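Here is a short briefing on one protein model. Keep the sequence and the 3D view open while reading.

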Amino acid sequence: MSADHFWRRLPGRAVDACSPEELGELVPRDRDVRYDRLASAGLALGVRRTAVLMELALTENGLHPDPAARLPVYGGGHRPDGAPPDGAMPVLRPEQVAAAAAFLRGSALGELVRQQNTVLARTAAHLGYPTPWSETWAALVVHDLRELRDFFAGAAAAGDAVVVRKAE
């Protein structure tokens, strides 16, 4: 089963010692046996078909009017070793993970999805999803947002960094 996005927790500043290639190897590319093992341990999360819709619900809600201040669950900053943006895996530092966890914990995720119902329906149609936007779709996006909230809460509590992989 393919996924839109993967998030992978790593201990605190361990990402500083990894090359972009090494980071890429640490983050699953698909929901395989390795992903299942990491997800069971709370160290990885993958979402299928909802990542773009989740991002819209989180960022296009008027809570972050400045695009630079938007919630960084989809990319964060690049590595400080000067690796080019095209070659670097997006990394969220522990302080960014804590900020994202606090935002997600304090948000009414179902309400964020409801606020963006029209935008989400238009986006789902534009992306050519096989079924139109519906309450079932909305419930799936809310479910995936809750899983993301729980994933970031665990990462923040452990002081972990998070590496993000967008589907290739």
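Arg-49 sits in the loop between strand 2 and helix 3. Its phi is near 70 degrees, a positive value in a residue other than glycine. The model is a predicted one.

**Overall layout**

- The protein has seven helices and four strands.
- Along the sequence, the elements run β-α-α-β-α-β-α-α-α-α-β.
- The protein has 168 residues, and 45% of them count as buried.
- Among contacts with a separation of 6 or more, 76% join residues 24 or more positions apart.

- Is helix 3 enclosed or open? Seven of its nine residues are buried, so helix 3 is largely enclosed by the rest of the structure.
- The buried residues of helix 3 are Ala-51, Leu-53, Met-54, Leu-56, Ala-57, Leu-58 and Thr-59.
- Their cover includes strand 1 (5-10), strand 2, helix 4, helix 5, helix 6 and helix 7.

**Helix 3 against helix 6**

- Two packed helices are described by the angle between their axes and the distance between the axes.
- For helix 3 and helix 6, the angle is about 155 degrees and the axes are 10 Å apart.
- Angles over 145 degrees count as roughly antiparallel, so helix 3 is roughly antiparallel to helix 6.
- The crossing of helix 3 with helix 6 is right-handed.
- Helix 3 brings Val-52, Leu-53, Leu-56 and Ala-57 to this contact, and helix 6 brings Val-119, Leu-120, Thr-123 and Ala-124.
- By class, the contact of helix 3 with helix 6 has seven nonpolar residues, one polar and no charged.

**Helix 3 against helix 7**

- The axes of helix 3 and helix 7 cross at roughly 75 degrees and come within 10 Å.
- That angle makes helix 3 roughly perpendicular to helix 7.
- On the helix 3 side, Leu-53, Met-54, Ala-57 and Leu-58 make the contact; on the helix 7 side, Trp-137, Val-141, Asp-144, Leu-145 and Leu-148 do.
- The contact of helix 3 with helix 7 counts eight nonpolar residues, no polar and one charged.

**Helix 4 against helix 7**

- Helix 4 (residues 94-105) and helix 7 (residues 135-158) have axes that come within 8 Å and cross at roughly 140 degrees.
- Helix 4 and helix 7 cross in a left-handed sense.
- Helix 4 contributes Val-97, Ala-98, Ala-100, Ala-101, Leu-104 and Arg-105 to the contact.
- Helix 7 contributes Leu-148, Arg-149, Phe-152, Ala-153, Ala-155 and Ala-156.
- The contact of helix 4 with helix 7 has ten nonpolar residues, two charged and no polar.

**Nonpolar cores**

- In soluble globular proteins, nonpolar side chains tend to be buried together.
- Here, the largest nonpolar core has 34 residues.
- Which residues have the most contacts inside this core? They are Trp-7, Leu-58, Val-113, Trp-133, Leu-148, Phe-152 and Val-162.
- Seven elements each supply at least two residues of this core: strand 2 (44-47), helix 3 (51-59), helix 4, helix 5 (109-115), helix 6 (117-126), helix 7 and strand 4 (161-166).
- Helix 7 gives the most to this core, with nine residues.
- Another core lies apart from it and has 13 residues, among them Leu-10, Val-15, Leu-23 and Ala-44.
- What does Phe-152 touch? Not counting residues up to four places away in sequence, Phe-152 touches Trp-7, Val-73, Leu-92, Val-97, Ala-100, Ala-101, Leu-104 and Val-162.

**Asp-36**

- Asp-36 lies in helix 2 (residues 33-40).
- Its relative accessibility is 44%, so Asp-36 counts as partly exposed.
- Asp-36 and Gly-46 are ten residues apart along the chain, and their C-alpha atoms are separated by 9.9 Å.

Methods
Residues numbered from 1 in each chain as written. Predicted model: local features only at pLDDT ≥ 70, side-chain atom pairs only at ≥ 80, totals over all residues. Heavy atoms only, no water. Axes fitted to C-alpha atoms, helices over the stretch in contact; angles between N-to-C directions. Left-handed = near helix turned anticlockwise from the far one by under 90°. Contact = heavy atoms within 4.5 Å. Nonpolar A, V, L, I, M, F, W, Y, C, P; charged D, E, K, R; others polar. Core = buried A, V, L, I, M, F, W, Y, C linked by side-chain atoms within 4.5 Å. Buried < 20%, exposed > 50% of the residue type's maximum accessible area, 1.4 Å probe, protein only. Parallel < 35°, antiparallel > 145°, perpendicular 65-115°, else oblique.
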